[in-house]
Amino acid sequence: MNNFIFKNGTKVIFGKSTEELVGIEVKKYTDKVLLHYGGGSIKRTGLYDTIIKSLDEHNIEVFELGGVKPNPRLTLVQEGIDLCRSKNIDFILAVGGGSVIDSAKAIGVGVNYEGNVWDFYDYKTSPEKSINLGVILTIPAAGSETSPSSVITNEKERLKRGVTADCMRPEFAILNPELTYTLPDYQTACGAADMLAHVMERYFVQTEDVRFTDRLCEATMKTIIEQAEKLIYDTESYAARSELMWCGTVAHNDILDTGRGGDWASHSMEHEISAMNDIAHGAGLAIVFPAWMKYVYRENKGKFLQFTTRVFNIDQNFDDPDETILKGIKALETFFTNIGLPTRLSDIEFDESLIPEMAQKATLNGPIGSFKSLLKDDVEKIYNLAL
Ligand code: NZQ
Ligand code: ZN
């Protein structure tokens, strides 16, 4: 097990009707807030009215910036920075999913930075301070509600890049599973794929003697798979919605990578898919992860056998470990298909000729991945396996 420091300072407030507490929580920090949200789901569901009422009751002045698109855009981030500066806003309340939260994080670090906020995403410099953020989560998926990361798309350059810095972690995150009843099935599925991928990125490492966190990862993966499948038939199961929501947070709140590394090559490869094709991140992961597995499993067959036997309860064929492993990868693909996700680039409108450019962009800052270090050629092969 590796040395580690674990600190996750985000307060999680979980359960039914917890969004009504937002005024009390925000008031601890400020009297003036930027309410940041997406394309309008929060207005259709009535959540917007609940929030405004609670903020009003606590005499909190509200400025608004809606319109965050999935795969959040740099242009809107810049608009948010200008708004916060001109109105002296020192707190952002992000209401939505990973896209809204990541956009809020980018605004938060951009407000007091004199240069272009893209500098952080271009790895020219690291964010050191942010204005405070609070979150009301409406889709369990990205784990951004307690993560120190933000992923932004520079739409002009068709680049999607992530930044991680402790100052980006929200102060609080309100998680009410009831708010997720209105999600389209496809978004629920994309969310499940993303959180599963967050666990797999941490699980498939070469670090030894990490039995405890391996078991935690396996429990999280099994729960995600079971509960996402339950939701296909019973979309308003509070039990399943709440399990999935908590899994989504735990999958990405850093507890599962204590004492071990992470791979993250599949995420890097996915970011190129969603940057070029503007598909949901979870759908891109359902496509790229099985292909990555097929390409790298020989680097540590024992780990893949453990995954197959423990997560999917598939018996091991001791004469032919490869056969067992390939059954495990197939079981993962079947899970994605069952919940309505694509598992091949050919399942989406995809232009094969983009592959060399995507591979080049994914490895722009050097090789990716740690389970197996991947160069541009490897990445091209993986995209081709995903066709
Ligand atoms: O925009 P609105 O109208 O709100 O609709 C959203 C959006 O269209 C809709 N939605 C959300 N909650 C809803 C709802 N519709 C009905 N009822 C509700 N309760 O769902 C759609 C997708 O929302 P989005 O925020 O894009 O989803 P997600 O949470 O999956 O976030 C994806 C983004 O997060 C990034 C991804 O790359 C992607 O850009 N990630 C961020 C990470 C982080 N910051 O730590 C890590 C992840 O690996 C990921 O890369
Ligand atoms: Zn992800």
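Which residue in β8 does Phe14 stand opposite?

Tutor: The model before us is a predicted one. In it, Phe14 stands opposite Leu175, a residue of strand β8.

Strand β8 covers residues 172-175. Phe172 and Ile174 point one way from the strand, while Ala173 and Leu175 point the other way. In a regular strand, side chains alternate between the two faces of the sheet. All four of these residues of β8 are buried.

Two strands pair with β8. Strand β1, residues 11-14, runs parallel to β8, and 4 bridges connect the pair. Strand β5, residues 132-137, is also joined to β8 in the parallel sense, again by 4 bridges. Within this second pairing, Ile174 of β8 is the bridge partner of Ile136.

The domain assignment divides the chain into domain 1, 11-179, and domain 2, 183-385. The C-alpha centres of the two domains are 26 Å apart. Where they meet, 30 residues of domain 1 are in contact with 29 residues of domain 2. The size of an interface is often expressed as the accessible area lost when the parts come together. Here, domain 1 and domain 2 bury about 2,400 Å² between them, with 57% of it on carbon and sulfur atoms. On the side of domain 1, Pro140, Arg158 and Lys160 lose the most area to domain 2, and together they account for 25% of what that side buries.

Polar groups also take part in this interface. Between domain 1 and domain 2 there are 3 salt bridges. Glu272 forms a salt bridge with Arg161, in which the closest N and O atoms are 3.1 Å apart. Across the interface, 11 residue pairs are in polar contact. The elements that give two or more residues to the side of domain 1 touching domain 2 are β1 and β7 (159-164). Of these, β7 gives the most, with 3 residues.

Finally, consider Asp263, which lies in the loop between α9 (238-250) and α10 (265-277). Asp263 counts as buried because its relative accessibility is 5%. Among the residues that Asp263 touches are Glu201, Phe204, Trp292 and Phe371. The side chain of Asp263 reaches the backbone nitrogen of Phe371 at 2.8 Å. Asp263 and Ser373 are 110 residues apart along the chain, yet their C-alpha atoms are separated by 8.9 Å.

Note on methods. Residues numbered from 1 in each chain as written. Chains lettered and ligands numbered in written order. Predicted model: local features only at pLDDT ≥ 70, side-chain atom pairs only at ≥ 80, totals over all residues. Heavy atoms only, no water. Buried < 20%, exposed > 50% of the residue type's maximum accessible area, 1.4 Å probe, protein only. Pairing = 2+ DSSP bridges. Domains from an automatic or database assignment. Contact = heavy atoms within 4.5 Å. Buried area = accessible area lost by both parts, 1.4 Å probe. Salt bridge = Lys/Arg side-chain N within 4 Å of Asp/Glu carboxyl O. Polar contact = N/O pair within 3.5 Å; in protein donor to acceptor, adjacent residues only side chain to side chain. Lists of a residue's contacts leave out its neighbours within four places in sequence.
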